[in-house]
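Q: I have a new structure open and would like a walk through it. Can we take it piece by piece?

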Amino acid sequence: MRDDRLLRIRSAEFRAMSGRVLRATELTSRLNALPFEDEAGKADLLAEILGRPLPGGVTIHPPFFTDHGLRLDLADRVFINQNCTFLDYAGIRLGERVMIGPKATFITVGHPVDPEERREWLSGGPIDVAENVWIGAGATILPGVTIGRDAVVAAGAVVADDVPPASLVTGAKAAVRRQW
């Protein structure tokens, strides 16, 4: 799904997406019920959720939530702490050595603001997180955002705009506070 394309809710594409959401929800429910030490069981379920085995050195601590899974692209040595949510229908890419704190949320789709269209369409855009980024606990990353290499998103920040490389963003409406 591209930034400029809207998805009609009653379309065949939407029905296929809905079926995948139900399947991803069932798989993540099973993943989140496993004993923490069941590494083989977690790896098998994550491979099924993502449609491929985890890359080397990727760590995901359940509970873990995704609405699609097949459009979540994880590079080597990504760390995802517990209770994170990835609504990845429009695509989420996490570069090498990205660290994500607990309760972070990545959202790639939304609804129009107009009440007449709200239940008719989905809009959105992919999220791209470059290498060596740290996303703090409880941060929210919104559709279409790109986060540059070595950036830090502070705990609780809401990121609605692109983040330049080597920057710290903070706040309820994330804003650049410092660059290096």
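This is a predicted model: local features need pLDDT of at least 70, side-chain atom pairs count only at pLDDT 80 or more; totals for chains, interfaces and linings use all residues.

A: Residues are numbered from 1 along each chain as its sequence is written, and side-chain values use heavy atoms, with hydrogens and water left out.

Q: What should helix α1 span, and why does that agree with the model?
A: Helix α1 covers residues 12-33, and at 1.5 Å a residue its 22 residues should span 32 Å; the end C-alpha atoms are 32 Å apart, so the two agree. The expected span is 1.5 Å times one less than the number of residues. Helices (H or I, at least four residues) and strands (E, at least two) are DSSP runs, numbered from the N terminus.

Q: Which residues of α1 are buried?
A: Phe14, Met17, Arg20, Ala24, Leu27, Thr28 and Leu31. They cover an arc of only 140 degrees around the axis, which puts them on the same side of α1. The arc is taken from the directions from the helix axis to the C-beta atoms. Buried means under 20% relative accessible area, exposed over 50%, and partly exposed in between (1.4 Å probe, protein chains only).

Q: And which are exposed on the other side of α1?
A: Ala12, Arg15, Leu22 and Ala33.

Q: Now α2. What do its buried residues pack against?
A: They pack against α1, β2 (59-60), β3 and β4. The buried residues of α2 are Gly41, Lys42, Leu45, Leu46, Ile49 and Leu50. Their arc around the axis is only 150 degrees, so they lie on the same side of α2.

Q: Why does Leu45 count as buried?
A: Because its relative accessibility is 7%. Not counting residues up to four places away in sequence, Leu45 touches Leu27, Arg30, Leu31 and Leu34. Contact means heavy atoms within 4.5 Å.

Q: Changing topic, where does Asp67 lie?
A: In the loop between β3 (64-66) and β4 (72-74).

Q: What does the Asp67 side chain reach, then?
A: The backbone nitrogen of Asp88, at 2.9 Å.

Methods:
A polar contact is a pair of N or O atoms within 3.5 Å; within protein, one must be able to donate a hydrogen and the other to accept it, and residues adjacent in sequence count only if both atoms are side-chain atoms.
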